[in-house]
Amino acid sequence: MEFRYPGQTHLWDGREIPCVASIGDKHFLRLEARCVACGRDHLLLDAGFHGWNGLVCHDPDQAALPRPHLVAWPCRECAGLQHRLLVGISVENEEFILEEAEDDIDPARWYDAFGWFTVDATCVRCGRIEQDLISYETM
């Protein structure tokens, strides 16, 4: 897969990682995986729609804005663009989510109000592992 992100980065703990994109006074985090075999894009996360803030604290005006252009993440060792991805989602228990969200979500979708989203990437070319390339709290 090509791991695609909005193109903005920052230093965290001495390494460069993707970050939320700022456009004017709006902030976006959209992540996709593009299959290198067929070219199809797979949405991993759009913070305007997914996780606690995207679901429980949804902002329809922000959600209606066009999303930033995405670019492929290059390996920091060899500049390769193909990676194996491991995506992690952490969610509180159902009782906590429903109590905190009150009537803001459909109880059948309680698990969609996850609180943390992670991506680890392993470069296919050189094997470099980027643990917690994305570690994003959605609350």
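Helices and strands here are DSSP runs, helices of at least four residues and strands of at least two, numbered from the N terminus. The model they describe is a predicted one.

Start with the largest pocket. Its volume is about 250 Å³. The lining counts 17 residues, and those closest to the centre are H27, A47, G48, N53 and Q62. By class, the lining of the largest pocket holds seven nonpolar, six polar and four charged residues.

Now turn to the second largest pocket. Its volume is about 200 Å³. Here the lining has 13 residues, with H10, I17, P18, S135 and Y136 closest to the centre. Strand 2 (9–12), strand 3 (15–18) and strand 11 each give two or more residues to this lining. Strand 11 gives the most, with five residues. The lining of the second largest pocket divides into nine nonpolar, two polar and two charged residues.

D13 lies in the loop between strand 2 and strand 3. Its phi is near 55 degrees, a positive value in a residue other than glycine. D13 has a relative accessible area of 73%. The cut-off for exposed is over 50%, so D13 counts as exposed. D132 also has a positive phi, near 50 degrees, and is likewise a residue other than glycine. D132, however, lies in strand 11. Its relative accessibility is 37%, and so D132 counts as partly exposed.

Next, the aromatic residues. How many aromatic pairs does the structure hold? There are three. One of them joins Y5 and W73. The pair is edge-to-face, at 5.3 Å centre to centre and with 70 degrees between the planes. Y5 sits in strand 1 (residues 2–5), while W73 sits in the loop between strand 8 (71–72) and strand 9 (83–90), so the contact ties together parts that are 68 residues apart in sequence. Both Y5 and W73 are buried.

The charged end of R76 sits over the ring of W73, 3.8 Å from the ring centre. The C-alpha atoms of R4 and W73 are separated by 5.9 Å, although the two residues are 69 apart along the chain. What is the burial state of R4, buried or exposed? Its relative accessibility is 10%. Buried means under 20%, so R4 counts as buried.

Another aromatic pair involves W110 and Y111. This pair, too, is edge-to-face: 6.0 Å centre to centre, with 80 degrees between the planes. Y111 has a relative accessibility of 44% and so counts as partly exposed. V91 is found in the loop between strand 9 and helix 3 (94–101). With a relative accessible area of 35%, V91 is partly exposed.

Finish with the cysteines. A disulfide needs two cysteine sulfur atoms within 2.5 Å. By this rule the count is zero. C38 is in no disulfide: the nearest cysteine sulfur, that of C35, is 3.7 Å away. C38 is exposed, with a relative accessible area of 55%. C126 is in no disulfide either. For C126 the nearest cysteine sulfur belongs to C75, at 3.6 Å. C126 is partly exposed, with a relative accessible area of 36%.

Key: Residues numbered from 1 in each chain as written. Predicted model: local features only at pLDDT ≥ 70, side-chain atom pairs only at ≥ 80, totals over all residues. Heavy atoms only, no water. Buried < 20%, exposed > 50% of the residue type's maximum accessible area, 1.4 Å probe, protein only. 1 Å grid on protein atoms, 1.4 Å probe; cavity = no way out; pocket = protein on both sides within 12 Å on 5 of 7 lines; lining within 4 Å. Points joined across faces, edges and corners; volume = space filled by probe spheres on them. Nonpolar A, V, L, I, M, F, W, Y, C, P; charged D, E, K, R; others polar. Phe/Tyr/Trp six-rings, centres within 6.5 Å; stacked < 30°, edge-to-face > 60°. Lys NZ or Arg CZ within 6 Å of the ring centre and 35° of its normal.
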